[in-house]
Amino acid sequence: MELAARAVSSALADAGLDRNQIDGVIVHPAVSETAFVDELVWSLGLEVRYATQVWGHGWWVGSLVSEALGALSLGHADRIAIVYSSSDSSTNIGFRTGVGLPPRQLIEEGFRDFGGASGEMNHIGAASPVAMAALAAQRYFHLYGCEPDDLAEIAVASRYNASLNPNAAHRTVITRDDYLASPWIVEPMRAFDCCRISDGAACVILGLDEGDRTVDILASSGLQLGADQYTFGHSGLGGWWEPARDGAVQARADDDLYRRAGVARGDIDGVYTYDAFTILIPLALEKYGFHEYGEGLRALQSGAMRVGGELPVNTHGGLHSEGHSSGWGAFAEMVRQLRGEAGDRQIADAEVLQWAPLFGNSVILGRN
Amino acid sequence: MRIGKEFDDLTAASRMVSEPPPPRVTHLSLPHWEAAAKGELALQRCGACDRFRFPISPVCPFCGGLESTWQAVSGLGRVWTFAVVRRPMMPAFWLEPPYVVALVALDEGPRYLANVVGERALDDVRIGTRVEVSFHDEGDGLTMPRFVIVDES
């Protein structure tokens, strides 16, 4: 709650708003001890006419932006604060694996008949999403002729980008050798393939205002789910079932998103994506058509995702190196970039940036 | 083996620190675990479209049918994808790391998440490896289906 309060306070100050000007709240609770909507509204002395709370794993940040846009367009509120907070690190949740203390609790979803949302099945000894990322990566390597060591560049690049970000938790650059020396957690995922879970909070304010400090939301799309994909794979890569419909593949995040945003895919100056595990970056780039299926990991070997690269990805370091804020850190970074306030990691003339997670719930932001 | 067992102990969270986490047994999944105790891998088969499915679900993902029966499958399949857990992922588990977690594409169609065990597991598991179910008594009425590598027939 303390972190959430600080995040809201900082966001209000940044936006030049008074708390009385916030009339809507969307709360995104984390797995661990977190600020819930009642506590948050009462503690901060807010008076809102629109409040909701969405337990959204780490995937749903884009969906919550869409939720806010819907509420604004329906007139439910004029200015909505989306608030995320987490004490996942200090409360030692079950996702933590392989280092330090054993997890204090196992994730409840891992006990469903169906398994967890990221495929966790505690009784199989696959209690953390890292196991599912490893299954997806193994399948990817098999299908497309890559190998685990190819992921080194993603870890090295993420850490390089974070080294330029004073807000990042992990700013020390690493080399390919450092990566290769890091231990397997769930092979083929090494320690440096995994983000660390973090304490933290974020607040994003959306409204109908325009001003010098605002950025534009050009378009958003919804989270995609289907029987022939699992959380950490795009179509054809994995999944519990054989494809439900003959020859069916989950549609690539389609061109409609870019059309609605009024931009071409090639206009995107930087990509931000959910990277709890390194493998998720090429999978996401492929999903949005920045690369053909199976080409993403190879294409990144050139250093393309680094600040200054061909198509920078997660210039703030991502979940991997800045910290696991479920992706809200990327929204803060996109705003900084579009305002031209990103310092040493500034993308020159950044005009259009995309939150492009593997799950399809994308948001395209443009410079005001 | 009965429904809701894991809730009996209100200190379940602390218990898990020292014991492997058992599968949750619900009214839906009970037949799966009862069959395992008899040495059978049983899956739901849709009463409308006849297809097997997994994970366990009250509805057929292919046709929406709500009626299903439990039927034993051959227990043969191929590794669809796999991973090797090398660091402990939970405080206690039946298998010591390193152990194999695999998504096994059963001959009947569904993919089943399970451990691949046995002397050959760590050295020989690959995508496409032929595997067969084996059953492991973990006490307290629980039998865990796992898979072992078998030669191509």
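The lining of the largest cavity divides into 9 nonpolar, 3 polar and 3 charged residues. Keep in mind that this is a predicted model. In total, 15 residues line the largest cavity. Those that lie nearest its centre are Asp113(A), His123(A), Trp33(B), Phe54(B) and Ile56(B). On the side of chain B, α2 (30-37) and β6 (111-117) each supply at least two residues of that lining. The space in the largest cavity is about 120 Å³. How many cavities of 30 Å³ or more are there? The count comes to 1.

Now the largest pocket. About 1400 Å³ of space lies in it, and 47 residues line it. Nearest the centre of the pocket lie Asp14(A), Cys203(A), Val204(A), Ile205(A) and Val335(A).

Which elements of chain A supply at least two residues each to the lining of the largest pocket? There are helices, namely α1 (2-15), α3 (61-73) and α11 (328-339), and there are strands, namely β6 (199-207) and β7 (216-220). Of these, β6(A) gives the largest share of the lining, with 9 residues.

As for composition, the pocket lining has 23 nonpolar residues, 12 polar ones and 12 charged ones.

To recap: the cavity holds about 120 Å³ and has residues of chains A and B nearest its centre. The pocket holds about 1400 Å³, and the residues nearest its centre are from chain A.

Notes: Residues are numbered from 1 along each chain as its sequence is written. Chains are lettered from A and ligands numbered from 1 in the order in which they are written. This is a predicted model: local features need pLDDT of at least 70, side-chain atom pairs count only at pLDDT 80 or more; totals for chains, interfaces and linings use all residues. Side-chain values use heavy atoms; hydrogens and water are left out. On a 1 Å grid over the protein atoms alone, a cavity is a set of points where a 1.4 Å probe fits but cannot get out, and a pocket is an open set with protein on both sides within 12 Å along at least five of seven lines; lining residues have an atom within 4 Å of a point. Grid points are joined across faces, edges and corners, and a volume is the space filled by probe spheres set on the points. Helices (H or I, at least four residues) and strands (E, at least two) are DSSP runs, numbered from the N terminus. Ala, Val, Leu, Ile, Met, Phe, Trp, Tyr, Cys and Pro count as nonpolar, Asp, Glu, Lys and Arg as charged, and the others, Gly among them, as polar.
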